[in-house]
Structures are given as C-alpha cells and as structure tokens.
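This report describes the architecture of a single protein model, section by section. Please keep the sequence and the structure in view while reading.

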Amino acid sequence: MPARASALIAVALAAVLLLAAGCAGADVGGVGDRTAPEDRSGRSSGPATRQSLDSPDVVALRTDAGLASCDELTSAQADTPRAGPKDSSRAPLPDLTLPCLGPGGDVPLAEITGRPAVINVWAQWCGPCREESPHFQTLYEHADGQLTVMGVDYDDPQPARALAFVDQLGLRYPQAADPDKRLRAPFGLFAGLPATVFVDADGRIVHVAHRAYESERSLARDVRTHLGVELEMER
C-alpha cells in the first residue's frame, strides 16, 4: 500500500477514536437544554460552586425538590454497633466533604458508616443517568434501614438543572454535589458517567460499577452480591 494512502487511513482511524471517546462525556438526555462541562465551542462553561448552590434561586429549588436531608447519611454511625476487625484490603471512602444538593449540612464522606451504602454518581447532562435514576429511588424506598442510598451530582455546571432533573424524576434520596470533580481519582471516574459505588458498613469501597443499571432487579442483585443485603425489589 502506498505510504500516502496508509497515512490517510491512520488519520481517519484517529478521528473515529476521538469521536468515540467524546461519547463518554455529555450524553443524550437530561432535562431541557442540558449544559455539559464543555460547550460546543470547546470553552469550559465552569462547574457549579458552593456560592452558586447557595444563590437565592437555587436555594428555593433545593427547598422545593423534596429531597431527604443529607444529615441522614451519617445518622447510622450510632445506630449500628460494629463487630470484628475492618478489612484493610479495601480502600476507605475519601476524607472529603461535599456540599449537599438538597437540605441538610455538608456531607463528610468518611463518616458514612454504620450500615452498607450505595452511592450513585450522575449529572443532569448524562442520558444513561436519567434512565437508571428511578431504580435508585426504588432502592431507597426498599432500604428499610439496612442500606444508605445517596446520589452525587458530579462535574455539573448547572445546579438548577440538576435539581430540575431530581424533581422531574421524583428522586427523594439524599443528594450531594461534587462540582470540582474531587471524586474523579478516588472513584475512578475516568470513563464518563454514571458510576455506582458500593461501600461496606465500615465505610470502605467494595466495588465500583462503571455502567448504567437497566433494571431494579440488576441493581438489587449487585447490592446482594457486593454488600450482602437482600431487598425485595419487584422489577
């Protein structure tokens, strides 16, 4: 094959790979005219900040969204006594504090202990996140004190749209926000969203699922497999 033809083929393949990689970012879906971290001109639109979460308009939306308080995320510490040594082979939740997207105080991740936890990482610009989010609401409704369920709105430049996402889908479980992508390395969030983190009662990461859940049944199965918690989930 002539050298010129080989070079053209290599360039074409590189372009295809770049386009495929871009699909891991802002996917189809979300609420209204979604806003992804990068706009079409390639300029960063900037993440949400603690100040933007506390702006009057967003505070009103946070109140109206009907989310459970983030304060319940750490309430299990005193409720469930721990027995036996911790599994030191598992990485602990990072010692980070995230702002709450709904009511309640900021969320110290390292203090989410006392019972197993499921942490779903999402954004309003992520189509698969929209498809799977109702399954986590069902999980929350069936948790019955055996399980902590929370969401994290990740790398999202529009907290108002994130709250619209939550409201339209009827999500009520506690939600934190990670506008600065501090969970990127601890949770391995390098290939896009969604991701679901399974955490044992000692606050140690058991498994991270880098995929969207297609059904309540598949989510319940992973809860049973990774956390040993069996719940009644209908679908």
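## Strand pairing and the open sheet

Two strands are taken to pair if DSSP finds at least two bridges between them. The model discussed here is predicted. In it, asparagine 120 has glycine 151 of strand 4 as its bridge partner. Strand 3 and strand 4 pair in the parallel sense, over 6 bridges. The chain passes from strand 3 through helix 4 to strand 4, and this β-α-β crossover is right-handed.

Strand 4 also pairs with strand 5, in the parallel sense and over 4 bridges; in strand 5, aspartate 178 is the bridge partner of tyrosine 154. The path from strand 4 to strand 5 runs through helix 5 (residues 159-169), and this β-α-β crossover is right-handed.

The sheet as a whole is open and is formed by 5 strands in the order 5-4-3-6-7, with mixed pairing. Its edge strands, strand 5 (175-178) and strand 7, each pair on one side only. On average, neighbouring strands of this sheet are turned by 20 degrees against each other, direction ignored.

The pairing of strand 3 with strand 6 is antiparallel and extends over 5 bridges. There, valine 121 has alanine 195 of strand 6 as its bridge partner. Helix 4 packs on the sheet and touches strand 3, strand 4 (148-154) and strand 6; the direction of helix 4 makes about 160 degrees with that of strand 3.

## Strand 4 within the fold

To what extent is strand 4 enclosed by the rest of the structure? Because 7 of the 7 residues of strand 4 are buried, this strand is largely enclosed.

In a regular strand, side chains alternate between the two faces of the sheet. In strand 4, Thr148, Met150, Val152 and Tyr154 point one way, while Val149, Gly151 and Asp153 point the other way, and all are buried.

## Asparagine 120

Asparagine 120 lies in strand 3. With a relative accessibility of 0%, asparagine 120 counts as buried, the cut-off for this class being under 20% relative accessible area.

Which residues does asparagine 120 contact, leaving aside its neighbours within four places in sequence? The contacts are Glu132, Phe136, Met150, Gly151, Val152, Tyr173, Pro194, Ala195 and Thr196. Among them, Met150, Gly151 and Val152 belong to the residues of strand 4 described above. Proline 194 is 74 residues away from asparagine 120 along the chain, yet the C-alpha atoms of the two are separated by 7.3 Å.

## Helix 6 and its packing

Helix 6 (residues 216-227) has 12 residues, and its first and last C-alpha atoms are 16 Å apart, close to the 16 Å expected at 1.5 Å a residue. Its buried residues are Glu216, Ser218, Leu219, Ala220, Asp222, Val223 and Leu227. An α-helix has 3.6 residues a turn, so residues three or four places apart point the same way.

The buried residues of helix 6 pack against strand 3 (117-122), helix 4 (127-142), strand 6 (195-199) and strand 7 (205-209). Glycine 228 follows helix 6 and has a positive phi, near 70 degrees.

## Disulfides

A disulfide is a covalent bond between the sulfur atoms of two cysteines. The count in this model comes to 2 disulfides, and when the bonded cysteines are numbered in sequence order, the pairing is 1-2, 3-4.

Cysteine 70 and cysteine 100 form a disulfide with their sulfur atoms 2.0 Å apart. The link is right-handed, with 85 degrees about the S-S bond. Cysteine 70 lies in the loop between helix 3 (56-64) and strand 1 (97-98), and cysteine 100 in the loop between strand 1 and strand 2 (107-108), so the pair ties together parts that are 30 residues apart in sequence. Cysteine 70 counts as buried at 3% relative accessibility, and cysteine 100 is buried with a relative accessible area of 0%.

Cysteine 126 and cysteine 129 form a disulfide with their sulfur atoms 2.3 Å apart. Because the torsion about their S-S bond is about 85 degrees, this disulfide is right-handed. Cysteine 126 counts as buried at 1% relative accessibility, and cysteine 129 is buried with a relative accessible area of 1%.

Methods. Residues are numbered from 1 along each chain as its sequence is written. This is a predicted model: local features need pLDDT of at least 70, side-chain atom pairs count only at pLDDT 80 or more; totals for chains, interfaces and linings use all residues. Side-chain values use heavy atoms; hydrogens and water are left out. Helices (H or I, at least four residues) and strands (E, at least two) are DSSP runs, numbered from the N terminus. The expected span of a helix is 1.5 Å times one less than its number of residues. Buried means under 20% relative accessible area, exposed over 50%, partly exposed in between (1.4 Å probe, protein chains only). Contact means heavy atoms within 4.5 Å. Axes are lines fitted to C-alpha atoms, for helices over the stretch in contact, and angles run from 0 to 180 degrees between N-to-C directions. A crossover is right-handed if, with the strands pointing away from the viewer, the path from the first strand over the helix to the second runs clockwise. A disulfide is a pair of cysteine sulfur atoms within 2.5 Å.
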